Amino acid sequence: MAARTLRYLNRGGGPIVVVVLLVLASLTLVSKATHGSTRFSELYSLLLVVNLLALLTLAGLILWNLVRLLRQVRRRRAGALLTVRMVTIFVLLSVTPVLVIYYFSLEFLHRGIDSWFDVRVERALNDSLELSRAALGLRMRELLKQTEVIGSDLSIAAHDKLANMVEDARRRSGATELTLVGPKGNILATANVDPATIVPDRPNDAILLQLRRSGSYIGLDPVGDAGLYVRVVVKVAADIPSRGSRALQALYPVTKRINELADNVQAAFAKYRELAYLREPLKTSFTLTLSLVLLLSLLTSVWAAFFSARRLVAPLRNLAKGTRAVAAGDFDTRLRGSGSDDVGFLVDSFNRMTGELGRAREEMHRSQAQLESQRAYLDTVLSRLSSGVLTLDPAARLVTANDAAETILGVPLATAQGMTLAALCDAHPHLAPINAQVMSNFGRGSDATEPDQRDWRAQTVISGPRGRQVLMCSGTLLPDTQHGRAGQVVVFDDVTTLIDAQRNAAWSEVARRLAHEIKNPLTPIQLSAERLRYKYMRRLDAGDEQTFDRLTRTIVQQVEAMKSMVNAFSDYARSPHMRHEPVDLNALIVDIVELYRASHTEARISATLDPELKRLSAADPDRLRQLLHNLVKNALEAQDLKVPEVRIITRALTDTGRRFIELSVSDCGPGFDREMIERVFEPYVTSKRKGTGLGLAIVRKIAEEHSGAVGARNLPEGGACITVRLPCDVAGARDEGDVIAAGDDTREVAG
Amino acid sequence: LALAVIVAIATAAVQARAADVDRFQVTHARTRLVDGVYLLDARIDFHFSEESRAALDNGVPLTVLIDIDVIRVRDHLWDKEVTRMQARYRIRTHPLSGRYLLANLNSGQQRAYRDYAEMRAALGRISDFPMIDQALVKSDARYRVRLRPRLDIEALPSPLRPLAYLRSLWRSPNKWSEWPLER
């Protein structure tokens, strides 16, 4: 309730004007009361209280405003500091002159009051009073004598004649009243100029006491409204001594003129003395009134300062609020109009600005939405691309990469955004060739305008988690430039499989043609050689016959050898017709090992098989048997030792989330030549004197038919090791391609 | 400035408190039923403070009020005021005669006294003051009479009033003296 009233008083100019007018009226009344106006003098205390209440109300209002302002400053409300500054300036501007005026007014006031009093006037008035007293004293002494004479006359008078004598004496003496009082205070006789006066003015106890002490009393008494009277009381001897003395009181009027003059002197003296006595209280009273006026003016000014500052700052505060709202992104903020002054113009400008900003933001949102849509479209397209796409900024930092890029490079690129290509290479060294390729093309063609000059294309080979990969990379500079350097978009395809397929197809074609071209003449050659033996050998002499036999036998044997070689080629070139059934590789290995242990008793063939090995889900047991046969045979043939040694090891492993079976067959032979090791799986590549050179080529072919991979390496302790890695889920691997990781020290050779 | 005024007022108030104050005490009071009218006789000790004496001796008239109430005592309700009277006296000095003048403002009567003590004694003596007619007093009810003498601050010249009010604020308020109405 109180807060609401305060708020109401703080709102609008109306309450201020009313309060100021009331305060002014009240102060005027106080001023009049102070100046002695009888009418307002009666209201003086009430007016003082009213003004004090107004003072307290104003002080309360100011305190409330001050507390509110301080709270606003503490909360860092907009415009609070400006309000403080303005209030301070207003208060200083109003307080300083008012205080100066107050000081000088007080000075003038005190001096003015002091100037009312003059020693000479005071002395004159005292003298006048003394003069009056002296004049009256003379007359009073005469009247005392006169009364004493009357008293002596009455002392001898008979009791029954007292009344007449008193009346007679009164008339003669000119007294207004003459009263004879008995020893007990009873009135013995009285005479008054006014016969209607029944009760006489009797002397009081104090007068009678003095009478007893000094024998007479004389005094000037103001009696009611009748003016001054001279009261004379004298002792009157008793007519009979035993009765005690009596008292005679006479009241003599002072003449009208003297009465008037004495009254004037008395009134002037009394007034002057009262004024002199009231000098200090009067000063205090004037000071209090002036202080009240000052305080009320000051507090009203301070309040008005608060009010004005708030009114002035309000539009600016709204403006600041609006600015904050705009800074926070709310462009719908509109400020209320603030008149046609400068602030109003500012508010209009602000509203126009927020309108424009709002429209600009809508445009921006539309553009952003379009951009997002285009980006989503581009992302969709990129994610569906089988080619890897990388975009790099001018500092070679990765900006975007599609899913295919991650798959091809085997690197999680989603978390690598913002990394430079060099940093990426540090984490994944197998990307170094790509980095080198990209960086070599980075500075090139940034100034070129022709598309041909901005594009580049190159083939790069990397050895990543998936083994050796041949990537066909192409890049182009991005159109936007920064500091003269342009970013790049790099597109690459994994062409490893394609190249392998092309190479295999070429070899198959070679083998097929070789088989076709060679195998056909071999049979007639063999038949001819056998016919020669049959027809001519018996006709020859013993010496020739032996020679002839040896020659034809050689022809037949070689033709047989050639036939088997051609058959091998034919097998290599033949398109596989694989069976797909679950195969236990360990069991197959045990069979092969047993077979070879029986036929090669001198050899030491060991098999370390992983009991946890899972079955291959879909494999051709015959082809795998051939693979094992080729490997074991190859290992035995590679050793020119009395006791050749072959070690077969299987183990289950998981790589990039997929399960594999790894088969290693190692020997103790001389190992592969350094130059040859990369090509051992190609046809016709062999270090042995005999053999077709197709053994390991067929191994690789069978492994690839099972979506597997092969690798060859030399062991540190001597000997060679062929590793075959087959995925447990062959069908899945086939869909996803060859993703077989070779060991760290494995040199994988593909086609 | 406001602080200075407050300090000045507080100082004045403290001074007023410390100084001698007007003390008016009813020393004796009784009522009598005379000819169907209850009359009041009372003795009041008027002790004027030095400030008041100084004002009086310097020509400032002082007005003394004596509030006289007759109230009916009720058991279950608050007491009822049957009648309220006020005796008003003004005292002042008469420089020319050197007398103290005591005027009964109710009757208009004025007496002059040679000295202050005489005047004070006369002021404190209330005799045969008619209070209430017997007809207005119920026989089965209980009545009490109360009396309160006080200085009329509003009758003082305006410059003296603020300080007089402050002084009256600090001292205990004028108390009523009560006694039962004697039948």
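**Helix packing and salt bridges**

Reply: In chain A, the axes of helix H18 (residues 585-599) and helix H19 (residues 621-637) come within 10 Å and cross at roughly 45 degrees. This is a predicted model, with local features needing pLDDT of at least 70 and side-chain atom pairs pLDDT 80 or more, while totals for chains, interfaces and linings use all residues. Residues are numbered from 1 along each chain, chains are lettered from A, and side-chain values use heavy atoms without hydrogens or water.

Me: Why is H18(A) called oblique to H19(A)?

Reply: Because of that crossing angle of roughly 45 degrees. Under 35 degrees counts as roughly parallel, over 145 as roughly antiparallel, 65 to 115 as roughly perpendicular, and the rest as oblique.

Me: What makes up the contact between H18(A) and H19(A)?

Reply: With contact meaning heavy atoms within 4.5 Å, the residues include Leu588(A) and Ile592(A) of H18(A), and Leu624(A) and Leu628(A) of H19(A).

Me: How do you know that Arg133(A) and Glu130(A) form a salt bridge?

Reply: A salt bridge needs a side-chain nitrogen of Lys or Arg within 4 Å of a carboxyl oxygen of Asp or Glu. Here N to O is 3.1 Å, so the pair qualifies. Both residues lie in helix H6 (residues 119-155) of chain A, three residues apart, about one turn of the helix.

Me: How many salt bridges does that rule give over all chains, and how many between chain B and chain A?

Reply: Over all chains the count is 39; between chain B and chain A it is zero.

Conventions: Axes are lines fitted to C-alpha atoms, for helices over the stretch in contact, and angles run from 0 to 180 degrees between N-to-C directions. Helices (H or I, at least four residues) and strands (E, at least two) are DSSP runs, numbered from the N terminus.
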